2 protein chains.
Amino acid sequence: MTEPAYVAVDWGTSSFRLWLIGKDGGVLAERRSGEGMTTAARTGFAEVLNSHLSAIDAPAGLSVLICGMAGAKQGWVEAGYLDTPAALLDIPAAAVRIPGVEADIRILPGLAQRDPAAPDVIRGEETQLLGAAAELGDGDHLVCMPGTHSKWVRLSGGRVEGFSTFMTGELFDAIAKNTILSHSIAEAGPVSGGSDAFRAAVSRMVKKPALATSQLFSVRAGALIAGLMPDDAKARLSGTLIGLEIAGALSLVAEGTPVALVVSGGLGTLYGEALAAAGLAPVVIDADTAVRNGLAAGAKALWSL
Amino acid sequence: MTEPAYVAVDWGTSSFRLWLIGKDGGVLAERRSGEGMTTAARTGFAEVLNSHLSAIDAPAGLSVLICGMAGAKQGWVEAGYLDTPAALLDIPAAAVRIPGVEADIRILPGLAQRDPAAPDVIRGEETQLLGAAAELGDGDHLVCMPGTHSKWVRLSGGRVEGFSTFMTGELFDAIAKNTILSHSIAEAGPVSGGSDAFRAAVSRMVKKPALATSQLFSVRAGALIAGLMPDDAKARLSGTLIGLEIAGALSLVAEGTPVALVVSGGLGTLYGEALAAAGLAPVVIDADTAVRNGLAAGAKALWSL
């Protein structure tokens, strides 16, 4: 077996993922748990990390590179932000070292966009971008990273020119549970691919994004007067929010800018279909692989590993 | 004192308002309570109405004209909808009579827009429109009726050509309470007029409505990295949602269409300021007066009162 070289950690708000990486760059061991920032802030970040390192018998003193919410103000140690425009290759050098421990444990910074009209922050996705950069190559790219807070990043020659966070996933939950629309979609299953109602809602938003909150009410009105069924109602809600996000992101780039979709799991299908409904054919990059590649790029830059 | 001629009732989801109208058209007595449809569906609609009629010693057998949610499916008796395009003057004749009672008690219908791309319903506001019609006069008008579900109606020569419901008020509550933005605005007071943050948020939406859900996230990011204070954060949330509504409504009419604002209470200030920030100078019509005038127009048409 190859000797361990370093440990890579993606530490989100509600998830923890750790990989033990060998000197040949291969994954020697992997751990996944729900001990994200929210949990670790109570139980202790060092304790969570050490318990996982013990579980895989990692050699003592191994260097650890972390990205994500562990570097937030409420995290382990605040890792701050690089301001946009920011070169992806400048991210590793801005990592912050955990003080008072012998091992070299560092947390990568987030990115901040200090535009008064559109202040925005990213934490974790910058590492996915670093990992996806090689695959994307130079030139201009619009990178979509779907999620609770979807991020759309404008890349130019390996530099983050700017980005926008759309609250799509969180809004979907808040609206589905806490508004009158809940009556129309309570009995629906999860929104999946292949729904005409979903695609039509996306198309309407791409054409007329200004009507977003009226289209949301149409989910209720459609159920009242047009026999809109729960599954289609829920798909219409989802398509409206995702379509609005796509319209917003496209409004900030030149027409024809290549689009990349960095995603893992079920959201990939949904966003793939939404982007197709908007007339886009994105390059798809696996988000799990991208974050590991980003941490590898960081480890290489910091420790020549 | 003038003799009573009829009773006018505006029966909403959560509010009940009754006026005893004299033969000269003046208001002889008024009642307001929280016994809206939601309450009355439990305690009985006839009981609620009778208790208020007793309280003002209304003569037995007086005719009663009702508008609003009492005519919804979950209301007293379903009063259905007139389909758009609909002439305002056709509304009274479509009123539905309460069966099994001696007095002539009728509920006015709502309006339905049976457009598959934008199904929509109105119930109650059609009566405000009927009451505002004389003041508006003929020609084309875009009428804004703010609220939990803001209605924007496109009128042409006394006909409702179409309308759009924006879930602005309900979304504001759902987002303020149930998303990450709650952290940034929890300590804020009510949003009032005179806020630069509010006006700037409206202007941004009128210019770039597609960025709505990203502007929502900027409320949080602004608090994190740009020192956005709670009052300004809340004003930014409100201005984003109201500005998006204005952008959507304007997208459906010819430039220069006269705008009217039918509103009562504090929302009038906020929407007046939002419309001004969008470069509009609306005619302002009091909503309370409009609904009473609308019921009067209905009573006149139905009973020559």
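I began with charge pairs, and the count comes to 22 salt bridges over all chains, a salt bridge being a side-chain nitrogen of Lys or Arg within 4 Å of a carboxyl oxygen of Asp or Glu. I note that this is a predicted model, in which local features need pLDDT of at least 70 and side-chain atom pairs count only at pLDDT 80 or more, while totals for chains, interfaces and linings use all residues. Residues are numbered from 1 along each chain as its sequence is written, chains are lettered from A and ligands numbered from 1 in the order in which they are written, and side-chain values use heavy atoms, with hydrogens and water left out.

**Entry: salt bridges in chain A**

I looked up Asp288(A) and found a salt bridge with Arg32(A), the closest N and O atoms being 3.5 Å apart. Asp288(A) lies in helix 10 (residues 287-303) of chain A and Arg32(A) in strand 3 (residues 27-33) of chain A, so this pair ties together parts that are 256 residues apart in sequence; helices (H or I, at least four residues) and strands (E, at least two) are DSSP runs, numbered from the N terminus.

I then turned to Arg114(A), whose side chain meets that of Asp83(A) in a salt bridge of 2.9 Å, N to O. Because Arg114(A) lies in the loop between strand 9 (110-113) and strand 10 (120-122) of chain A and Asp83(A) in strand 5 (residues 81-83) of chain A, the pair ties together parts that are 31 residues apart in sequence. Arg114(A) is partly exposed at a relative accessible area of 46%, and Asp83(A) is partly exposed at 37%, where buried means under 20% relative accessible area, exposed over 50%, and partly exposed in between (1.4 Å probe, protein chains only).

Asp104(A) and Arg97(A) also form a salt bridge, at 3.5 Å from N to O; here Asp104(A) counts as buried at 13%, whereas Arg97(A) is partly exposed at 41%.

**Entry: Gln113(A)**

Gln113(A) lies in strand 9 of chain A and is buried, at 8% relative accessibility. Leaving aside neighbours within four places in sequence, I listed the residues in contact with Gln113(A) (heavy atoms within 4.5 Å), and these include Thr84(A), Arg154(A), Phe163(A) and, from the other chain, Ile225(B).

**Entry: where the chains meet**

I recorded 48 residues from chain B and 48 residues from chain A in the contact. Chain B and chain A bury about 3,800 Å² between them, 68% of it on carbon and sulfur atoms; buried area is the accessible area (1.4 Å probe) that two parts lose on being put together, summed over both. Thr213(B), Phe217(B) and Ile225(B) supply 17% of the area that chain B buries against chain A, more than any other three residues. Across this interface the rule finds 0 salt bridges.

**Entry: the nonpolar core**

The largest nonpolar core has 36 residues, and those with the most contacts inside it are Ile175, Leu216 and Leu237 of chain A and Ile175, Leu216 and Leu237 of chain B; such a core is a set of buried Ala, Val, Leu, Ile, Met, Phe, Trp, Tyr and Cys residues joined through side-chain atoms within 4.5 Å. Helix 4 (168-178), helix 7 (212-225) and helix 8 (230-250) of chain A, together with helix 4, helix 7 and helix 8 of chain B, each supply at least two residues of this core. Not counting residues up to four places away in sequence, Ile175(A) touches Leu181(A), Leu216(A), Leu237(A), Leu241(A) and Leu171(B).
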